[in-house]
Amino acid sequence: MGASKRMGELIIQSFSNDKNLCRNTTFSIIRFGNVLGSTGSVVPLFNSQIINKKLITITHPEVSRYFMTITEAVGLVLSSVSIGRGGEVFVLNMGEPIKIIDLARRMIKLHGFLEKTKNRTNGDIEIKFIGLRAGEKLHEELLISNLTLKTLNKDLFIAKENFILWPKLKILISDLKKYIENDNIDEIIKILESSIEDFHSGK
């Protein structure tokens, strides 16, 4: 998962663990997959490109993502509200991730078109690979520790993730804010790498 997203989770986890900070509020975390049909989802984009017979752009032929429906997303939120006691990281069982290129090809076929390739030059729609964006991963990771707990909902799990106690995290956040204001990328990366498990910037 993204470093900035995980840092946000660490803040919520630390808040929830410190009873002096959240006496009257219960904080929980929900990790979503890509919500089909939502704003910014790849499905409406592909749909528009296919209808207009435009070029479909995909970052990499092996890139894959988890997907969930709007109904599943809403159900996840509602279930977490009833189950959550504070500090949990909820994850929905979304099955196996789907390769984006497979999704694009299925959508082309469902619209009654043919993919245009080197061997099928009379096809309707071409797929082009444009390369991964900076920081983008090939495959989505929903768990860090790979440790989960079951809940009363068979499709809803609690991820057991480590976190940083608030007194220490508060200092890290203060330093992070200072380095962001000064545009000190190297120090920002150092803090993220020291705070987030398995995060490596590659620099």
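Two strands are taken to pair if DSSP finds at least two bridges between them, and the strands themselves (E, at least two residues), like the helices (H or I, at least four), are DSSP runs numbered from the N terminus. With that in hand, the open sheet here has 4 strands in the order β1-β6-β11-β10, with mixed pairing.

A quick word on the ground rules. This is a predicted model, where local features need pLDDT of at least 70, side-chain atom pairs count only at pLDDT 80 or more, and totals for chains, interfaces and linings use all residues. Residues are numbered from 1 along each chain as its sequence is written, and side-chain values use heavy atoms, with hydrogens and water left out.

**The chain as a whole**

The secondary structure comes to 6 helices and 11 strands. Along the principal axes, the C-alpha atoms fill a box of roughly 65 × 45 × 25 Å. Of the 203 residues, 34% are buried, where buried means under 20% relative accessible area, exposed means over 50% and partly exposed is in between (1.4 Å probe, protein chains only). The accessible surface is about 12,800 Å², and 53% of that belongs to carbon and sulfur atoms; the areas come from the Shrake-Rupley method with a 1.4 Å probe, and for residues only the protein chains shown count as cover. As for contacts (heavy atoms within 4.5 Å), residues 24 or more positions apart account for 70% of those with a separation of 6 or more.

**The sheet and its helices**

Angles like the helix ones below run from 0 to 180 degrees between N-to-C directions, with axes as lines fitted to C-alpha atoms, for helices over the stretch in contact.

Helix α1 packs on the sheet, where α1 touches β1 and β6 (89-92), and its direction makes about 155° with that of β1. Helix α3 (residues 70-83) lies across β1, β6 and β11, running at about 145° to β6.

Further along the sheet, β10 and β11 (residues 156-159) run antiparallel and are joined by 3 bridges. A hairpin through 5 residues connects β10 to β11, and T148 has A159 in β11 as its bridge partner. β6 and β11 also run antiparallel, again with 3 bridges, and F90 stands opposite I158 in β11.

**The aromatic cluster**

What do you get from a search of the whole structure for aromatic pairs? It finds 2 aromatic pairs. Rings of Phe, Tyr and Trp (its six-membered ring) pair if their centres lie within 6.5 Å; planes under 30 degrees apart count as stacked, over 60 as edge-to-face and the rest as tilted.

| Pair | Centre to centre | Between planes | Geometry |
|---|---|---|---|
| F15 and F27 | 6.1 Å | 75° | edge-to-face |
| F15 and W166 | 4.8 Å | 70° | edge-to-face |

F15, F27 and W166 form one aromatic cluster. F15 is partly exposed at 23% relative accessible area, F27 is partly exposed at 26%, and W166 counts as buried at 16%.

S16 sits in helix α1 and is buried, with a relative accessible area of 5%. Leaving out residues up to four places away in sequence, S16 touches C22, F27, G86 and G87. One polar atom of the S16 side chain lies 3.4 Å from the backbone nitrogen of G87. A polar contact here is a pair of N or O atoms within 3.5 Å; within protein, one must be able to donate a hydrogen and the other to accept it, and residues adjacent in sequence count only if both atoms are side-chain atoms. The C-alpha atoms of S16 and L165 are separated by 10.0 Å, though the two are 149 residues apart along the chain.

Q13 is found in helix α1 too, and Q13 counts as buried at 5% relative accessibility. A polar atom of its side chain lies 3.4 Å from the backbone oxygen of E161. Leaving aside neighbours within four places in sequence, the contacts of Q13 are R6, I29, G87, V89, E161, N162 and F163.
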